[in-house]
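This report looks at side-chain surroundings and at aromatic rings. Please keep the sequence and the structure in view while reading.

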Amino acid sequence: MKRFLASIAVLLVGATSFASSGKFGLDFSWGVNVGFQNMNVNMLGGEGKLSRTDMAFPIVRVSSYNFFLLDNMFGLFASLNLSPGFQFGDKAEIGGKTIEGRGYVGNFSDVFFGIEFIVGPSFGIDINENLRFQTGLGFHYLFEKSMVEAFENKVSDSEISLSLHSFGIALTPQLRFSPAKKASFILGCDFLFDFGRSGDTEFKYHVSGNGERDVTYPIPADAIDSYFRFGFSPYIGVGINF
């Protein structure tokens, strides 16, 4: 993980090599990241569907748009954010029945710390002297590590390590105000489409009637047959122009 983060830092800083001949911006922004996960899984003795929502709040999002081709219309884009957050709204559909999940903390099914990275080609165009539109389209990677395991009163009895590696593609449209000045107000939204996943998870539900109890069902990575996550991340921030 340290090597991965170091590689990202080198990529972000290394983009400045084009700044003298093109348009380069280093952005710092804040917002919210919401994702909707859907999985086909083998659980509770049969095939089923598991859905959940995750929401993260980036401590800071650092990104870089770098344009240096065809009159500064095309270039490269990369972004990195560190995000604490939580998952909620767990629901499983098995054998025609719907089972509502129950949370570890309040109605939250999990509390996590996440790292998100996007890299790919970029496109930008000046709408006028005070406004520029730019966007990236590239590889998206999201890592979420469960913090439930860190609680002293851990609810889960399973021994699996709760983590998520989610990857796919991202579209990152942004409006950049006063792009000719040293600093710009930026407004944007990332759209995330993930098709790949690795890592174990859990589903916690309640059994009523005689022997009423909460049950935690571990779902190892190899029990997840297919996965899709759609996410969006609106943000505001400040961009430094070079």
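## A glutamine and its surroundings

In this predicted model, Q134 has a relative accessible area of 2% and therefore counts as buried, since buried means under 20%. Q134 belongs to strand β8, which covers residues 131-146, and the side chain of Q134 is joined to that of R132 by a polar contact of 3.0 Å.

When neighbours within four places in sequence are left aside, the residues in contact with Q134 are Y65, F67, F123, G124, T172, P173, Q174 and R176.

## Charges over rings

R132, the partner of Q134 in the polar contact, also lies over the face of F67, at 4.5 Å from the ring centre. At another ring, that of Y235, the charged end of R61 sits over the face at 4.2 Å from the centre.

## Aromatic pairs

A pair of aromatic rings is described by how far apart the centres are and by the angle of the planes. The model has eleven aromatic pairs, and one of them is formed by Y65 and F67, which are stacked with 6.0 Å centre to centre and 5° between the planes. Both Y65 and F67 are buried.

A further pair, F230 and F232, is tilted, with 6.4 Å centre to centre and 35° between the planes. F230 has a relative accessible area of 27% and so is partly exposed, and F232, at 28% relative accessibility, counts as partly exposed too. Ring pairs also link F230 and F232 with F36 and F193 into a cluster.

Definitions and conventions
Residues are numbered from 1 along each chain as its sequence is written. This is a predicted model: local features need pLDDT of at least 70, side-chain atom pairs count only at pLDDT 80 or more; totals for chains, interfaces and linings use all residues. Side-chain values use heavy atoms; hydrogens and water are left out. Rings of Phe, Tyr and Trp (its six-membered ring) pair if their centres lie within 6.5 Å; planes under 30 degrees apart count as stacked, over 60 as edge-to-face and the rest as tilted. Buried means under 20% relative accessible area, exposed over 50%, partly exposed in between (1.4 Å probe, protein chains only). A charge sits over a ring if NZ of Lys or CZ of Arg is within 6 Å of the ring centre and within 35 degrees of the ring normal. Helices (H or I, at least four residues) and strands (E, at least two) are DSSP runs, numbered from the N terminus. A polar contact is a pair of N or O atoms within 3.5 Å; within protein, one must be able to donate a hydrogen and the other to accept it, and residues adjacent in sequence count only if both atoms are side-chain atoms. Contact means heavy atoms within 4.5 Å.
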